[in-house]
Amino acid sequence: MVALQAVSGQAEMEAALDFDAIVIGAGVSGLYQLYRLRELGLSARVFEAGSGVGGTWYWNRYPGARFDSESWTYGYSFSQELLDEWDWEEHFAAQPETERYLNHVADKFDLRRDIQFKSRVAAAHYREDTRDWDIALEGGRHYTARFLITAVGVLSAATMPTIPGLASFQGQSCHTHYWPKEPVRFEGKRVAIIGTGATGIQAITEIAKPAGHLTVFQRTPQWAAPLHNAKITKAEMSRIRANYPEIFARCQETAGCFIHAADPRAALDVSPEEREAFWEKLYGEPGFGIWMGNFRDILTDRAANALISDFVARRIRQRVKDPAVAEKLIPKNHGFGTRRVPLESGYFEVYNQPNVELVDIKETPIERITPAGIKTSEREYEFDIIIYATGFDAITGAFDRIDIRGVDGVALKEKWRDGPQTLLGILVDGFPNMLMVMGPHAGLGNFPRAAEYSTDWVTRLIRFARERGLTRIEATTAGATAWTEHVLEASKGLLFTEVDSWMTGVNRNVEGKEVRRIMRYSGGHPAFRERCEAVAADGYRELALA
Ligand code: NAP
C-alpha cells in the first residue's frame, strides 16, 4: 500500500493504487532509481525481465564482454561506504565482475525485496480519470502506479538478422545478448559469427582462442583501437579510492562523462610530426582517449578526420600480416570515430591465426542459413555453432516493444514514428507521469555517470510534485518541441550524423528503422545538465503540473 498523502481529495485515489511508482528494469539505472524512491518514502516495484539484477551486465555474458569505461569511473558515486568497500579488479572490468558489483549493490541496499524478476512489462496505459498507469506484465497480471519510470537502458532490445532460414540451423546458435549462463565449449568446433560491432570484436577475440575454426562474417569493418586493459594492484586501488572526488568531478566536466576530454588544438594546427606523435601516444594509452581525447576537430572536420583515419588504417596494416585481409578490415565507408569506436584487446592479430577466416559479405552476401551452416553467394559453409552479434534496436527499441499508451490511447511508438520527441529525454508530452531515465534525446555517455544524474533529476521532480500534492506531471508540447529542436541543432556539423549506425537509429533488421534520425543529445553532458537545472530552477515551467 502507498503512503497516504496529506492532500485532501487525493488520499482515497492514492490508496487504491498498487504502488506509488513502477520502474521497468533492474539494471544500473533501475537499481539506483529504486534506492532513491525508497529514500523519498514511496512504495515502488521494479519489474525485471531477467532472473537477476544487472540489465546489460546480466544479459550480455558472451565471452570477452567487458566495458570500455574505466571501472573506477563506472561505479555508483552516491554512497561513500560503497566506494570504500568495493575494490575493482581490472581497469576495464569484464562482465562477471560488473555483474558481481551490481549484485553487491542490490544486497547492500536490500533492493531485491522490491524487484520482481522474470516479469517482462508488455503494456503500460495511462488512465486520465485516475491520473495513473495501468501496467500489464506478459502473462496478464496488472498493476497500477502513479508514476511509470522507464529504466530500460539504451541497448537492451537485441535484434536478429533478417536472413532466410534462421530457424532451420541444426547446430547451436545464439545472439550474444542472450548468451547462456552455462559455459559454451568451442574446442574443436566449427564456429561462425555474424557481426563485427563492439560486441562481435570482443567475442571474436576470445572465441578465436579455443575454437577449432572460426569464420567471421563481416558486413562493415570497424575502426577499433586498443583498450590496453590491466589488473588493478592494491596500491593503485588505494590511490583511486583517495582520488574518487577528483575522478567524479572530472567526469562531470567532460562531454561524455568519461575522464577523457577533447584536446583544445585542431589537428591541422600542429606539424605532421607532432600530430603523429600525439596519435602514437593516444593509440598506446588505455581507454577512449583516442576517440574522446583527440584533437577537437576530428569528428567535425573532414580533413582532420581523414588524417586520423589514415593513422589508424596504417596501424591495422601493421598488425595484420595478410595485406588483402588487412584491407578488408579497414573501413572505407565512414571515418574514424563516426561510429562508436570499439576498443579491442588483440582483435586484429586474430586474423593472423590459422584457425580464423574472414568472409566479407559485401563481396559474397549471405543468402541463407541452412540446416548445416551458412550459404553465401560463393559457397556453403558448415558449422557446429552460429553466433549472432548483430546488435540492437537502440534507444527507442526497448520502448517500442512495450505497448505504451498515453492520453487518448495514443501509442508512444506511433508518436515517435518519425523520430523521438522528448523534453530532456525524460518526459514526453501526452504521456503524463511517465519519466524516462536515459530516454531518447538525453545526454548519453559513460552510462552510470549520466544515469545517476537523470535519476536524481527524476527523483527531485517527484519530490517536488508530492510536496505540492500534484498528481499529473507532463511535458508541455512547447517544451518538448523546443528541446527536440535544440537536440537536432546540436548535432549539426557532426560527422556521425552522416553514417548509418545504432547512434543514428539505423537497424535494417527492424521495420521502420531504415533512415537516420538523431537519437541522443550531442551538446555534451555539462550543457545537458545546465539545461536540466534551468528547467528545475524555473519551477518546471516546461512542464504542465496539476
Ligand atoms: P552493432 O555495433 O550495431 O554491430 C552489429 C553488427 O552486426 C554490425 O557489424 C552489423 O553490420 C552486423 N549486422 C547486423 N545485421 C546484420 C545482417 N543482417 N547481416 C550481416 N551483418 C549484420 O552492435 P554491437 O556490436 O552489439 O554493439 C552495440 C553497442 O553496444 C556498441 O556500439 C557499444 O555502445 C555497446 N557495447 C559496448 C561494449 C563495451 O563497453 N565494451 C561492448 C559491446 C557493446 P553493419 O555495421 O554493416 O550494420
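1. Helix α7 supplies the largest share of the shell around the ligand, three residues. Helices here are DSSP runs of H or I with at least four residues, strands are runs of E with at least two, and both are numbered from the N terminus. In total 24 residues surround the ligand, and the closest are Arg 66, Thr 199, Arg 219, Thr 220 and Trp 502; a residue is near a molecule or strand if one of its heavy atoms lies within 4 Å of it.

2. A word on provenance before you go further. This is a predicted model, in which local features need pLDDT of at least 70, side-chain atom pairs count only at pLDDT 80 or more, and totals for chains, interfaces and linings use all residues. Residues are numbered from 1 along each chain as its sequence is written, and side-chain values use heavy atoms, with hydrogens and water left out.

3. Which classes make up the ligand shell? By class, the shell has 10 nonpolar, nine polar and five charged residues. Ala, Val, Leu, Ile, Met, Phe, Trp, Tyr, Cys and Pro count as nonpolar, Asp, Glu, Lys and Arg as charged, and the others, Gly among them, as polar.

4. A polar side-chain atom of Arg 219 sits 2.8 Å from a ligand oxygen atom. On the nitrogen side, a polar side-chain atom of Asn 509 is 2.9 Å from a nitrogen atom of the ligand, and an N or O atom in the side chain of Asp 68 is 3.1 Å from a nitrogen atom of the ligand. The ligand taken alone exposes 910 Å², of which the protein buries 86%; accessible areas come from the Shrake-Rupley method with a 1.4 Å probe.

5. Contact means heavy atoms within 4.5 Å, and axes are lines fitted to C-alpha atoms, for helices over the stretch in contact, with angles from 0 to 180 degrees between N-to-C directions.

6. A further open sheet has three strands in the order β13-β14-β15, and its pairing is antiparallel. Neighbouring strands of this sheet are turned by 20 degrees against each other on average, direction ignored. β13 and β14 form a hairpin with three residues between them, and Arg 368 stands opposite Lys 375 in β14. Three bridges join β14 (residues 373-376) to β15, where Ile 374 stands opposite Tyr 381.

7. Lastly, a helix pair. The axes of α8 (residues 234-242) and α9 (residues 244-253) come within 4 Å and cross at roughly 65 degrees. By class, the contact of α8 with α9 has six nonpolar, no polar and two charged residues.

How values were computed: A polar contact is a pair of N or O atoms within 3.5 Å; within protein, one must be able to donate a hydrogen and the other to accept it, and residues adjacent in sequence count only if both atoms are side-chain atoms. Two strands pair if DSSP finds at least two bridges between them.
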